[in-house]
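The points are meant to be read beside the model.

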Amino acid sequence: MLEGARERRVHSGGVDLCVAETGDARRPTVVLVHGYPDSKEVWSEVAARLADRFHVVLYDVRGHGGSTAPRPLRGGFTLEKLTDDFLAVADAVSPGRPVHLVGHDWGSVQGWEFVTARRAEGRIASFTSVSGPSLDHFGHWLTERAGRPTPRRVGQLLGQGARSWYVYALHTPVLPELAWRGPLGKHWPGILRRLEKPPTDGYPTASLPRDAAHGAWLYRDNVRARLRRPRADPYAHAPVQLVVPLKDVFLSERLYDGLERWVPRLVRRTLPARHWVPRTRPDLLAGWITDFVTAVESDRPAVAAEGAYTDRFAGQLVLVTGAGGGIGRATALAFARSGARVVAVDRDAGAAAQTAELARGAGAPAAWAETADVSGEQAMEKLAARVAAEYGVVDVLVNNAGIGLAGSFFDTTPEDWKKVLDVNLWGVIHGCRLFGRQMSERGQGGHIVNVASAAAYQPSRALAAYAASKAAVLMLSECLRAELAGRGIGVTAVCPGPVTTGITATAHFAGAGADEEERRRKRVARLYGMRNYPPERVAEAILDAVARDRAVVPVTPEARGARLLSRFLPRVSRAVARVKPPL
């Protein structure tokens, strides 16, 4: 049970509903509706995060948790009766003021009914749908694909049909009840832990076997009837935020194709998670609910950012090192345009502040500047602690800070080696260790991007120290990806080729005097300028890599060509390495 919540009973159509409330009742009311085979406790983590901003209401659906079951069960769980229950709860907890509705799984199926039913019009200010379609929209989706089959549509039908195996099972008489009250009910918590690894504090509740047995009638009373004869006008009368977990084993994201037809005011969100998002990603979900409800209450567009990945990164916390310019700044601004909250880190305080200011102008709901030298262990520890305390746990970490070093191996001094390894390798290690540990301990997934280089796999006679540092970053990324996969944390190594950035102006040339070093810098800067590959292209590749959870991403044609040579023609790659570069 949610700590500090107030409970009441609400009578509706022959059942008593168990309703819990938390937060200030004078604030906007957010009603959370659970799915199958859950009770309201599935929302406890999200409710706790919303309670400081809203009046949060959770209730057990009839026949679940502390609510009584209808008698008889058959016919007692129709969407019409569930709508009666919702309206009774809304009238009790928020008389005269519309509520913001949030539903997961069957709670979302119910929510679609509520937000499209004429008798509920005016009682719902907004609706956030998580992992649960409208049965009417689903019915039209099926009819359109079956009526006008194409190979793609047939594939979608077969794919969703395979995912819906459990729906067929729940329509069988008696067997589901016997299974849930017997072995399935006993082993379900363990099954859920293996499938999704949610926190287990008080969830699932002891009422699970009874709840699941009763809840089978949600399917029997509604699914076949609505899919065969969907309503002709299931239009949403309130703004809708659709949250789609991309790894949901029960529902295909294609199920929501064409939803704009029924929902004129629609905001889409996607995240790399499985079905039970209220338990596995409560921070992100609570943040999206907060942003959406706040936008609706203030009568402004729900999404201000217009980036290509707004549905994926809006509201997420992204930290970029080396963000004072070049690839780091371009990446911070790309995430900002997608609506992410951005922490721009650089050892140059002024450059970091300028990036944060630009990020706010680009669409970030919040952007902050932090100063740190990534090569310093204590400095990074202080940064990680400060970011966690003031902004929260990072969702996406981009270890981008780096320095250039060229020259003969025998001209490269131990001091040169230490400097390049401290920044290019130890900076990445510090970031992964500190921010990655926070992600892991939070248990809600995340992503780490380590910016390496094409030099990580393409050797060069003039880049021994630099290439060694970047090769280490590449292998570190591969090892971390293997270790963190089971914790829902992706790791990507991005390997750019020649990119027009400020790194050429600060690169060090081992063995060269001051005048000769300056001459070489200008020459390399001129060559890179002639190549004219902008850092914004690398930033686009980084966002795409995170969205697709890619392992190794070569950027620029040169980097992709070198990658192919290293894998399939290593002797050619070694021959290229012997060519003296124009430094």
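1. Two strands are taken as paired if DSSP finds at least two bridges between them. The model is predicted. On that basis, 8 strands form an open sheet of mixed pairing, in the order β1-β2-β4-β3-β5-β6-β7-β8. The edges are held by β1 (6–12) and β8 (266–271), each with a single partner strand, so one side of each has no neighbour in the sheet. Neighbouring strands are turned by 20° against each other on average, direction ignored.

2. Within the sheet, β5 (residues 99–104) and β6 (residues 124–130) run parallel and are joined by 6 bridges. V102 has T128 in β6 as its bridge partner.

3. Two helices pack on the sheet. α2 touches β1, β2, β3 (29–33), β4 (55–59), β5 and β6, and its direction makes about 130° with that of β1. Helix α11 (residues 282–297) touches β3, β5, β6, β7 (240–245) and β8, and its direction makes about 155° with that of β6.

4. The side chains of D85 and R62 are joined by a polar contact of 2.7 Å. Leaving aside residues up to four places away in sequence, D85 touches S12, V15, L17 and R62.

5. T22 belongs to strand β2 (residues 15–22) and also counts as buried, at 9% relative accessibility. Beyond residues up to four places away in sequence, the contacts of T22 include L2, A5, R6 and F54. The C-alpha atoms of T22 and P535 are separated by 47 Å, the two residues being 513 residues apart along the chain.

Definitions and conventions. Residues numbered from 1 in each chain as written. Predicted model: local features only at pLDDT ≥ 70, side-chain atom pairs only at ≥ 80, totals over all residues. Heavy atoms only, no water. Polar contact = N/O pair within 3.5 Å; in protein donor to acceptor, adjacent residues only side chain to side chain. Contact = heavy atoms within 4.5 Å. Helix = DSSP H or I, 4+ residues; strand = E, 2+ residues; numbered from the N terminus. Buried < 20%, exposed > 50% of the residue type's maximum accessible area, 1.4 Å probe, protein only. Axes fitted to C-alpha atoms, helices over the stretch in contact; angles between N-to-C directions.
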